[in-house]
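This briefing is for a reader who is meeting the structure below for the first time. Please look over the sequence and the model before going on to the notes.

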Amino acid sequence: MADGGWESQFGSHFGLNKEYVGSSSQAAGAQSLAPSIGGDSAVSTGNHSRSSFGEGPFGLSQQTTGSVPDQDLEPDSDAASDADSGYSEAALSTASLRSSIFDYEEEYGRSYHAFRAGKYMLPNDEGEQERMDIHYHSLRLVLGNRHFFAPLEYPMSVIDIGTGTGIWAMDVADDYPNSQVIGIDLSPIQPTAVPPNLEFQVMDADEPWDFGQRFDLVHTRLMNGFSIKSWPFFYEQAYEALQPGGWVENQEFDLTFACDDGTLPPDAACSRWVDLWNIGIEKFGLVGRCLPEKMADQMRNAGFINVQIVPRKMAIGTWPRDPDLRQSGLFALVGMLEGLSGLSQRVFTKALGWSVEEMELLLMDVRRELKNRRIHTYFPIYVVYGQKPPLTR
């Protein structure tokens, strides 16, 4: 489906007008938050925007109301009136249009990957793939349609670690047709009709890689807290897989509901859920919080130079004034509402010992808060990237 058709269908589906979900090419205001890059299309989804959208998850913390510095995320004064503080159900529903073609482990009606079974805590079924694609498009808008921030003019060899539905890898392969792109994941859920310069492989990134020094860019997006158990090990493997002068880049959530203006109550169900989620995910040997300074230090310890951190904010809901960030916030909100059960199920039932019924009661309160347009929350996003030293003459 062409971009215009997808945007039009999505806008109609959620009861939004064309202006509200139109092209993300508006430059005013958004560029100071997430600058665009030449050569990327305004929507940059090519033929890969299924009826679903984004790529991956969030962040948590003991600081459930923290903030990201150096970026203004300004609420729209018209976003919520006294008479209308919520969203209609019709505006927030999605339906998967794709059927499953794989058999996986099943728990409580959700399917999970079979390769290295039990390692990844989130489902891999149609509902979860839809959530990943929704969040991909939310983050795409937050980052100003940039595939990466590393100063690469034309990478010739790229690997996407934890590729999920493969949408980032497909977009990069389309926009850099002379490049060779590889996407790896624990689940073979990627489409088979892909650009000729792209291949997908089933692989566990927590085990030794075997690629040799071949890549210009090693990329992750939304892997923190969900898959990578050891960032130091990851950076060691990335360093070995990169050509001299190549770059590693992580685009990650901090799984916490941040709020800059005090509209999130101190006893919020959102804060309770995210704190419990972090406790649970740690029992699986993972960390939900994204600590960018620590990641930068781990990059340097592995030998990388020119390490940079780029902070961004992903609004949850349509409260931002900026049109691109408002559209991003809608995607993030819908992804959360549709994905909460999948994000929570194994963490709450296996790690925390909750029943599904207890979990769903908490999630009802979380969803109610997320749909309150007077609450201005966001996910902190951090892009951390560094360079393998070039060869010296």
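The notes below go from the whole chain to its nonpolar cores, its salt bridges and its backbone angles.

The model is predicted. The chain has 393 residues, and 60% of them count as buried. Its secondary structure consists of eight helices and nine strands.

**Whole chain**

- When contacts between residues at least 6 apart in sequence are taken, 80% of them join residues at least 24 apart.

**Nonpolar cores**

- The largest nonpolar core holds 63 residues. F257, W273, F348 and L370 are the residues with the most contacts inside this core.
- Helices and strands that each give at least two residues to this core are α2 (126-142), α3 (167-175), β7, α5, β8, α7 (323-351), α8 and β9 (378-387).
- Helix α7 supplies the largest share of the core, with nine residues.
- Which residues does F348 contact, leaving aside its neighbours within four places in sequence? They are W273, L276, W277, G353, W354, M359 and L362.
- Another core, of 28 residues, lies apart from the largest one. Among its residues are W209, V218, Y235 and L242.

**Salt bridges**

- The count of salt bridges comes to five. Three of them are described here, starting with K313 and D260, then D297 and R300, then D365 and R368.
- K313 and D260 form a salt bridge through their side chains, with an N to O distance of 2.8 Å.
- This pair links distant parts of the chain, as the two residues are 53 residues apart. K313 belongs to strand β8 (residues 305-315), while D260 sits in the loop between β7 (242-253) and α5 (269-282).
- D260 is partly exposed, with a relative accessible area of 43%.
- D297 and R300 form a salt bridge in which the closest N and O atoms are 3.0 Å apart. Both residues are in helix α6 (residues 292-301), and because they are three residues apart, about one helical turn separates them.
- D297 is partly exposed at 40% relative accessible area, and R300 is also partly exposed, at 42% relative accessibility.
- D365 and R368 form a salt bridge with closest N and O atoms 2.6 Å apart. They are placed three residues apart in helix α8 (residues 356-370), so about one helical turn lies between them.
- D365 is partly exposed, at 34% relative accessibility.

**Positive phi angles**

- L222 is a residue other than glycine with a positive phi, near 60°. Where is L222 placed? L222 is in the loop between β6 (215-221) and α4 (231-241).
- L222 counts as buried, with a relative accessibility of 4%.
- N306 is not a glycine either, and its phi is positive at about 55°. N306 is found in strand β8, the strand that also holds K313.
- N306 is partly exposed, and its relative accessible area is 45%.

Note on methods: Residues are numbered from 1 along each chain as its sequence is written. This is a predicted model: local features need pLDDT of at least 70, side-chain atom pairs count only at pLDDT 80 or more; totals for chains, interfaces and linings use all residues. Side-chain values use heavy atoms; hydrogens and water are left out. A salt bridge is a side-chain nitrogen of Lys or Arg within 4 Å of a carboxyl oxygen of Asp or Glu. Helices (H or I, at least four residues) and strands (E, at least two) are DSSP runs, numbered from the N terminus. Buried means under 20% relative accessible area, exposed over 50%, partly exposed in between (1.4 Å probe, protein chains only). A nonpolar core is a set of buried Ala, Val, Leu, Ile, Met, Phe, Trp, Tyr and Cys residues joined through side-chain atoms within 4.5 Å. Contact means heavy atoms within 4.5 Å.
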